[in-house]
Amino acid sequence: MTTRLTVAQALVRFLAAQYTERDGARHRLIGATWGIFGHGNVAGLGQALVEYADVMPFHQGRNEQSMVHAAVGYARQSNRLSTHAVTTSIGPGATNLVTGAALATVNHLPVLLLPGDTFAARPADPVLQQLEVPHAGDLSVNDCLRPVSRYFDRVTRPEALIPAALQAVRVLTDPVETGAVTLALPQDVQAEAYDWPEEFFAERVWAVRRPGADPAELAEAVTAIRTARRPLVVAGGGVHHSRAEEALAEFAAATGIPVASTQAGKGSLRHDHPQDIGGIGHTGTETADRLARTADLVIGVGTRYTDFTTASGTLFQHPDVRFLNLNIAPHDGHKLSGMPLIADARNGLAELTARLEMHDHRLDPSYVAEYTEGKARWEQRVDACFAAPEPDVRPSQPQVIGALDALVDESDVIINAAGSLPGDLHKLWRSRSADQYHLEYGYSCMGYEIPAAIGVKLAAPERHVWALVGDGTYLMMPTEIVTAVQEGIAIKVLLVQNHGYASIGGLSESVGGERFGTAYRFRADDGSYTGAPLPVDLAANAASLGMRVLRARTVGDLRAALVEARAAETPTCVYVETETADTVSGAPEAQAWWDVPVAETATRPSAVKARDEYDRHVSTRRRHL
């Protein structure tokens, strides 16, 4: 039996019949499709989405990059078991996908990209928005997506859709390979009819694997843990992807081993769990980084060991430190010349716990007392950062975070990606649930927060979803506020105005860049951007896009506005002005170094001083072999 449909119609019907299954629960793989239409997809996928609106929900976006961010937010909140598709026209619509695709792939989060492409049959050449490459007739702008996609195919004939679509879904549902998947669809092929076998549209269930550990690797891992005197767990995003939080808590309780977390892994344990010692690395806590410097065994669970986590190779200083890497991806399992334990995080932790309990393995009580006291001291520092002695003063950024921290419960989700907020949040935020802390720090993409909040809210409509953004990030991509208003998606935006790129301003100062080009100010008489702050009104801008806006001028105002926003059933923004970009935020300074190269030769004193400091730190860097 066959059914005659266009390529676009067949693709929509195929995607609507794809499911994932893990732990006995089935999930629809493609929950909806986002789209902005142009001549490259309007008559193909655009028509198909109208034709099959009953089986494929549709969301109207305002920016192609932000549509990908919304899909990624949805995928992360759905534990990578569901995602969204994104369709765009050819030309600038397609190339706008590249940043979002890179973010998805870096973070191992599935998203399906369906950009239109130039004519496969080439009836007219060149067509509008076609990139002419004199030495290659088969290239288009969509080839920019190849290096940032985990799978890429160009469907130049109708029948080629069948293997391409199957391969695309295979990658999307693979816990190791997943990321951005691109099917480039020439606009003439999208609209071409073909007789499709009915089997192509049958329901398919893709099992998401949970592999166990190899017995030899497991035995080696148990021996390493039993002989370690100062072990430390580094929990990464893979703990969340595997839903291994409970298994990690059981492992920590059974062994007493302290658990630090990366940005992606924060929340793997609740903040009040006895073994949770907070964030690690350049944006980590003093407690976690101090223990990392003396750890003789680092147990990485689902982490990629980015340079922020390892402090660019300077953090783990024990002369005999070893690494045990529990990871489902062999590429990550072998990092830092570690002992690989290639397995699903939940299964691997359960197997480790069972083996160690057989030996009644526990840590030295003095080590437990050391990190317990360190955890308590850090909590006191957090309390001090959050404290606002006077309710009628303008808040610092940590006090803004503290006001939100005092309000939320485990049902709230906070989203952030870039600027100075990630560092403050990693050090200070108290995670109350496994998915409350939603930081995109693998790509740290400005503009991610608002569209991702929409995606998260679509995946979890019962949750309170907060997008925390600074003024620099807000100006990058506020457009999806319109989408939230249009769809009645009650996200909350906490907009912090500090008049510039505060994070990079501080970094610039530390590396001899003198905060050049980081403040949002008028030019002074000498041509520098050191004049008065710009008279922009971002609250008015958000209101002009249809959002309800609550202005908070003091700590007291802020507390009241946050309560009102949390109760709101429409998209609501809380706007608060903190310090300017050239003042200190008030959060604890970085607890570990981060390698940002400094000018090797310069005449300005700030750069000379910064280079001396750089040379001092870089001399402590080591390669773990």
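## Salt bridges and a nonpolar patch

Arg381 is partly exposed, because its relative accessibility is 33%, between the 20% and 50% cut-offs. The model is predicted.

Which residue does Arg381 meet in a salt bridge? The partner is Glu286, with N to O at 3.5 Å. This pair links distant parts of the chain. Glu286 belongs to helix α11, residues 286-294. Arg381 belongs to helix α15.

Helix α15 spans residues 365-386. Glu370 sits in this helix too. Its side chain forms a salt bridge with Arg230, at 2.9 Å from N to O. Here again, distant parts of the chain are linked. Arg230 lies in the loop between α8 (215-227) and β12 (231-235). The separation from Arg230 to Glu370 is 140 residues. Is Glu370 buried, partly exposed or exposed? Glu370 has a relative accessible area of 24%, so it counts as partly exposed.

Arg611 and Asp615 both lie in helix α24, residues 605-618. Four residues separate them, about one turn of the helix. Their closest N and O atoms are 3.1 Å apart, in a salt bridge. Arg611 counts as buried because its relative accessibility is 17%, under the 20% cut-off. Asp615 is partly exposed, with a relative accessible area of 34%.

Some salt bridges share partners. Such bridges join Glu379, Asp383, Asp405, Arg430 and Arg432 into one network.

| Salt bridge | N to O distance |
|---|---|
| Arg230 and Glu370 | 2.9 Å |
| Glu286 and Arg381 | 3.5 Å |
| Arg611 and Asp615 | 3.1 Å |

How many salt bridges does the structure hold? The count is 32. Side chains of opposite charge can pair when their charged atoms come close.

The surface also has a nonpolar feature. Which residues make the nonpolar patch of about 240 Å²? Phe37, Val42 and Phe58 make this surface patch. Val42 is found in helix α2, which covers residues 42-51. Val42 has 44% relative accessibility, so it counts as partly exposed.

Definitions and conventions: Residues are numbered from 1 along each chain as its sequence is written. This is a predicted model: local features need pLDDT of at least 70, side-chain atom pairs count only at pLDDT 80 or more; totals for chains, interfaces and linings use all residues. Side-chain values use heavy atoms; hydrogens and water are left out. Patches are made of residues with over 30% relative accessible area and no salt bridge: like charges are joined within 9 Å, nonpolar side chains (Val, Leu, Ile, Met, Phe, Trp, Tyr) within 5 Å. Accessible areas come from the Shrake-Rupley method with a 1.4 Å probe; for residues, only the protein chains shown count as cover. A salt bridge is a side-chain nitrogen of Lys or Arg within 4 Å of a carboxyl oxygen of Asp or Glu. Helices (H or I, at least four residues) and strands (E, at least two) are DSSP runs, numbered from the N terminus. Buried means under 20% relative accessible area, exposed over 50%, partly exposed in between (1.4 Å probe, protein chains only).
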